[in-house]
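Please look over the model below with these notes beside it. They are set out as numbered points, each of which can be checked by eye.

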Amino acid sequence: MSQPNAKELFQAGVHVGHQVRRWNPRSKPYVYANRYGISIINLEKTVSQLAKACQTVENLVAGGGRIWFVGTKPQAQEIIREAARAAGVPFCAQRWLGGTLTNFRTVNRSLQKFKRLLKMEEKGEIDQMPNKEASALRREMARMQKNFEGLLEISELPDALFVVDIRHESIAVHEARRLNILTVGLVDSNANPGEVDICIPGNDDSSRSIRIIVDAVAESVRAGLEARELRGISRASHANAETQALISPEVNLSETAEAVVEMAGEDGIEE
């Protein structure tokens, strides 16, 4: 799995941090210098941290772990949608509903209700209702769409959360940390990298910067899924091989019978 190098990150503007006046002192280990009032992020650190994040995500997914993508700021929304759908993972791209993790049981009930409403709409049942009732249901569905887009297939809490802009998604990050869910985040110079388990230092405002980081993490998810499938195939093949060895379908029965007769004669066993 190839990861973007420092030159590619530079071309995407990943190194451009926030204005110095908005600098978070805790981001200092990842800041190379300040130029013209702008914090410049150390891309060598970005490369190493991105590699660490991607390897961790790949291993987690390969082992059967679940990861969600979160990015609700305008610059990240469509990128998160595309990458998460391509990788086949749940995502939140419009609005993080408070309690999605910490109050999962209640949120899941609302999600199930939304699914029922979608089925009703698909069957045309809402169209048959009185206009006032139908309008109320559609307003409720529009609100639910913002909350649950990308999360329709979830049934369990994630094992990890990948977040774009940990300040903007502070509620999601805090919920994950409270439940000891692994957090991986794209962290700009105005944020505290200690808020997440794995910090990927970089510009979280530019769509080009966001895309190159998100695509790299999404690729690690796909690599993990492929490894998981190969392990499953390998285990199945091994089990089939053992079964085949037990039933021995390729054994020539006539040759086996002759061998038994020869052994019986050699051992002096009377017929």
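**Notes on the predicted model**

1. In strand β4 (residues 67-70), the side chains of I67 and F69 point one way while W68 and V70 point the other way, and all are buried, where buried means under 20% relative accessible area, exposed over 50%, and partly exposed in between (1.4 Å probe, protein chains only). Helices (H or I, at least four residues) and strands (E, at least two) are DSSP runs, numbered from the N terminus.

2. This is a predicted model, in which local features need pLDDT of at least 70 and side-chain atom pairs count only at pLDDT 80 or more, whereas totals for chains, interfaces and linings use all residues. Residues are numbered from 1 along each chain as its sequence is written, and side-chain values use heavy atoms, with hydrogens and water left out.

3. The strand β4 is joined to β6 by four bridges, and the two run parallel, with L161 of β6 as the bridge partner of W68. Two bridges join β4 to strand β5 (residues 91-92), again in parallel, and here F91 is the bridge partner of F69; strands are taken to pair if DSSP finds at least two bridges between them.

4. Which residues touch the most other members of the largest nonpolar core? Of its 36 residues, they are I67, F69, F162, I200 and V214, a nonpolar core being a set of buried Ala, Val, Leu, Ile, Met, Phe, Trp, Tyr and Cys residues joined through side-chain atoms within 4.5 Å. Among the elements that each supply at least two residues of this core are α2 (43-62), β4, β6 and α7 (207-247), and α7 gives the most, with eight residues. A second, separate core of 31 residues includes V107, F114, L161 and V196.

5. Y36, in the loop between β2 (31-35) and β3 (38-41), has a positive phi of about 55° and is exposed, with a relative accessible area of 86%. D165, in the loop between β6 (160-164) and α6 (170-178), has a positive phi of about 70° but is buried, with a relative accessible area of 8%.

6. The chain averages a pLDDT (the predictor's confidence in each residue, from 0 to 100) of 86, and 85% of the residues score at least 70. Over residues 242-271, however, the pLDDT is below 50, and beyond near neighbours in sequence this stretch has three contacts in the model, a contact meaning heavy atoms within 4.5 Å. Where pLDDT is low, the predicted coordinates should not be read in detail.
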